[in-house]
Amino acid sequence: MTSLISLPTRRHKPATRAELALLLGAAALLALALFGPVLPASAHQHAFADQRALWGIPCAVDVLSNLPFAIAGVWGLWALRRLAPGALDPASRALAALFFAGLLCTAVGSSVYHWKPQDAGLLWDRLGMVLPFAGLLGLAASRVSERAGWAMAGAVLLAGPLAVLWWAHTGNLMPWAVVQLGGMLVVLALACLPRRAGALAVHLGAVIGLYAVAKLFEAADHAVFDATYHWVSGHSLKHVFAASAAWPALLALAALRNSRAGGVPHVTLSGQNGAHAVGVARRSRA
């Protein structure tokens, strides 16, 4: 008994102010999702501008424009495999893998939906989107601490499917809007914080900017289609810009790998968003 009592116990570090702020923010978003006003889906949500078929593929451009998601996902997973062990902390590596694998799921889910736009396909589309959201928010929160990254990703993986199923059951989009748009507000807030050493240096400001452009194109689906003389629709461009939001993460992995190559220069990170300064490097000194 005495030997058991004398065993050292592992103490958890108290929550930091940033972690507490994240917890309060998550609680506020949860309250909005549960008690906020009902947000009905648009009656025309499946009426996309570009209905053209090509090579036997219905709504072909909206379907094929999901290819950049798959390319970014495969590229990111390949880049992660090429990183040397220890180049990233376990949380950042796992969350980045979740993000890039989620892009592959997004490509599949969105393609299935746009092949035949209806509620059943939209459910799978949105479920696929939960995975990259969880990975991205986890990477953003891991700037604060590893446990914050794990907790944020876990919260999105739990809340996302529940929000999608709630929409499918009730028609209320508010919980899903909180997961999607509220999550981007959290990323924007985290972009203002300094990056923790060891976390992946993703330029969160660039991610938010590209995603915002994608949402604008989504809202202007028909207007863009008419303005381009039916060459391309806003929703197809939305897919391209949303997929390009993975580019800052790919750049961060490339910069990290280059800095570790041969154990010589490493890229100096500048800015609170974790943007890497291209061409600026300094040698490590023992």
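From the N terminus on, the elements of the protein run α-α-α-α-α-α-α-α-α-α-α-α-β-β, that is, 12 helices and 2 strands. Helices (H or I, at least four residues) and strands (E, at least two) are DSSP runs, numbered from the N terminus. The model is a predicted one, in which local features need pLDDT of at least 70 and side-chain atom pairs count only at pLDDT 80 or more, while totals for chains, interfaces and linings use all residues. Residues are numbered from 1 along each chain as its sequence is written, and side-chain values use heavy atoms, with hydrogens and water left out.

Of the 286 residues, 42% count as buried. Here buried means under 20% relative accessible area, exposed means over 50%, and partly exposed lies in between (1.4 Å probe, protein chains only). Among contacts between residues at least 6 apart in sequence, 71% join residues at least 24 apart; a contact means heavy atoms within 4.5 Å.

**The nonpolar core**

A nonpolar core is a set of buried Ala, Val, Leu, Ile, Met, Phe, Trp, Tyr and Cys residues joined through side-chain atoms within 4.5 Å. The largest such core has 59 residues, and Phe-100, Trp-176 and Leu-200 have the most contacts inside it. Two or more residues of this core come from each of α4 (67–82), α5, α6 (119–141), α7 (146–170), α8 (174–190), α9 (204–219), α11 (234–244) and α12 (247–260). The largest share, 11 residues, is that of α6.

Leaving aside neighbours within four places in sequence, Trp-176 is in contact with Arg-126, Met-129, Val-130, Phe-133, Gly-160, Ala-163 and Val-164. Thr-106 has its place in helix α5 and counts as buried at 5% relative accessibility. With neighbours within four places again set aside, the contacts of Thr-106 are Phe-69, Gly-128, Met-129 and Pro-132.

**Aromatic rings**

Rings of Phe, Tyr and Trp (its six-membered ring) pair if their centres lie within 6.5 Å; planes under 30 degrees apart count as stacked, over 60 as edge-to-face and the rest as tilted. A search of the whole structure finds 6 aromatic pairs. One of them joins Phe-48 and Tyr-113 edge-to-face, with 5.8 Å from centre to centre and 75° between the planes. Phe-48 lies in the loop between α2 (17–35) and α3 (60–64), and Tyr-113 in helix α5 (residues 90–115), so this pair ties together parts that are 65 residues apart in sequence. Both Phe-48 and Tyr-113 are buried.

One aromatic cluster is formed by Phe-133, Trp-176 and Tyr-211. Elsewhere, the charged end of Arg-126 sits over the ring of Trp-167, 4.7 Å from the ring centre; this term requires NZ of Lys or CZ of Arg within 6 Å of the ring centre and within 35 degrees of the ring normal.

**Cavity and pocket**

Both kinds of space are found on a 1 Å grid over the protein atoms alone: a cavity is a set of points where a 1.4 Å probe fits but cannot get out, and a pocket is an open set with protein on both sides within 12 Å along at least five of seven lines. Lining residues have an atom within 4 Å of a point. Grid points are joined across faces, edges and corners, and a volume is the space filled by probe spheres set on the points. The count comes to 1 cavity of 30 Å³ or more.

| Space | Volume | Lining residues | Nearest its centre |
|---|---|---|---|
| Largest cavity | About 280 Å³ | 22 residues | Phe-69, Pro-132, Phe-133, Tyr-211 and Ala-242 |
| Largest pocket | About 980 Å³ | 36 residues | Ala-26, Ala-27, Leu-29, Leu-30 and Ala-155 |

The lining of the largest cavity takes at least two residues from each of α5, α6, α8, α9 and α11. For the largest pocket, α2, α7 and α8 each supply at least two lining residues, and α2 gives the most, with 13 residues.

Helix α2 also holds Ala-28, which counts as partly exposed at 48% relative accessibility. Ala-28 and Gly-182 are 154 residues apart in sequence and 10.0 Å apart in space, C-alpha to C-alpha.

**Positive phi values**

Most residues other than glycine have a negative phi. Trp-55, in the loop between α2 and α3, has a positive phi near 55°. Trp-55 is exposed, with a relative accessible area of 72%. Tyr-229 likewise has a positive phi, of about 55°, although it is not a glycine. Tyr-229 is found in the loop between α10 (221–227) and α11 and is exposed, with a relative accessible area of 74%.
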